[in-house]
Amino acid sequence: MTKLKLVREGNTEFFVPADLRLENKGPGRKLRYGFYNPAMEESRDISVAVVQVLVNEFDREIDILDGLASIGARGLRIANEVDGDFNVILNDWNEKAIEIAKKSIEHSNLSNIKTSCEDLNVLLCKERFHYIDIDPFGSPVPYISIAVRSVLPGGILAVTATDTATLCGVYRKTCIRRYGSKPLRTWSMHEIGLRILLGHIIREGARFDRALYPILSYSRNYYMRAYFKVKKGAKKADELLKNIDTLKTYDFDLKEREVGPLWTGNLHDKGFLVSLRDVIRKKSFRNKKDIEKLVDRCLDEIDMPPLFYDIDALASYFKRSPPKIFRMMKLLEKEGYRVSRTHFRDTSFKTDAPLDEVIKVFNDLTI
Ligand SMILES: C[S@@+](CC[C@H](N)C(=O)[O-])C[C@H]1O[C@@H](n2cnc3c(N)ncnc32)[C@H](O)[C@@H]1O
């Protein structure tokens, strides 16, 4: 066994290989003995809170799967930090990573957690869970079509994608091949990419008469993350599919372009976010402030139209200094349009105003 060191996230201690470069940024490193990326702590904090909301909803024991667990950081934290009646399975096909996970289970003396060491797709063919977490290197596509069938009704599917360059249009052909959808490199590419990911997962669910409702979907620097409430029913799936469509938007030169097909409905569920905010308030996360800001911004953008405008992108197109975002938003509101901030960028806002109206207001503030 390789040399190990103990790290702490939230209220949980666990072992990671000692030769990991522990730094806050970057995609982490793939290691023979298992993978641990400290920059994903915030994503694990949010998983802990999401599972707490789910456990609170059920009045009986539920089953949680950390499907691509590596050394188990996410599942160990769920087992240790969520209150209630549930069991966790940590699965990874890397035996060395699972050996390390077992040491952490022993260290924390946890009785509600077990390990499994097999191909995730094989495990998902055999067993069902109330919560399935899929946190791969790169694209989640290889696991989705089985995962949508293996979540028990009323449960949650959680998915990470780190193939953001593909989803954001750097590798356009790969996106069309992998997700069946046209991306675009523009200021709102992260929202377009996230909606392409959601569209793919919702369509996969619909193929098996499963309705996957997005309850929280967000984008961070180098990953995207989506949580779905899963229900059974062909009619429900048909209803969801009505929200999958192409969209017209603009590139950096303000030329109209078509993107999609992608998910055009809400990225989050309001009731779920309110419960999540209550849970987060009670947890002791290192990234609590950032997470609260994220959830608040997600609440702001509910029921707003897809995609957004960006004051920096407009400023760079017109070669002027960007105005203050709240002044832009106030003026548009005065003109009778709806406006909100968005979690995607601090310099962006959502509105139902068309581009020429946005440009008019931009000109009023900058000329
Ligand atoms: C990004 S890491 C997981 C990180 C972890 N969830 C966390 O929060 O720290 C992806 C893991 O998936 C595992 N893996 C890849 N393909 C797999 C498969 N088909 N079945 C099981 N494990 C797999 C790899 O061994 C690797 O440990």
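Helix H10 (residues 270–282) has 13 residues and spans 19 Å from its first C-alpha to its last, close to the 18 Å expected at 1.5 Å a residue, where the expected span is 1.5 Å times one less than the number of residues. Helices (H or I, at least four residues) and strands (E, at least two) are DSSP runs, numbered from the N terminus. This is a predicted model, in which local features need pLDDT of at least 70 and side-chain atom pairs count only at pLDDT 80 or more, while totals for chains, interfaces and linings use all residues. Residues are numbered from 1 along each chain as its sequence is written.

**Helix H10**

- The buried residues of H10 are Phe272, Leu276 and Ile280, a residue being buried if 20 or more other C-beta atoms, placed from the backbone, lie within 10 Å of its own, exposed if 12 or fewer, and partly exposed in between.
- An α-helix has 3.6 residues a turn, so residues three or four places apart point the same way.
- Gly271, Val274, Arg281 and Lys282 are the exposed residues on the face of H10 turned away from its buried side.
- The buried residues of H10 pack against helix H1 (41–57), strand E8 (210–220) and helix H11 (288–301), with contact meaning that two C-beta atoms, placed from the backbone, lie within 7 Å.

**Domains**

- The chain is divided into domain 1 (4–301) and domain 2 (309–366), with bounds that come from an automatic or database domain assignment.
- The centres of domain 1 and domain 2, taken over C-alpha atoms, are separated by 31 Å, and the contact takes 13 residues from domain 1 and 10 residues from domain 2.
- On the side of domain 1 that touches domain 2, helix H8 (189–207), E8 and H11 are the elements that give two or more residues, and H11 provides the largest share, 5 residues.

**Strands**

- Strand E3 (residues 62–66) has 4 of its 5 residues buried, so it is largely enclosed by the rest of the structure.
- E3 pairs with strand E4 (residues 86–91) in the parallel sense over 5 bridges, pairing requiring at least two bridges found by DSSP, and isoleucine 64 stands opposite valine 88 in E4.
- An open sheet of 3 strands has the order E12-E14-E13, with antiparallel pairing; strand E12 (309–310) and strand E13 (339–341) stand at its edges, each with a single partner strand, so one side of each is left without a neighbour in the sheet.
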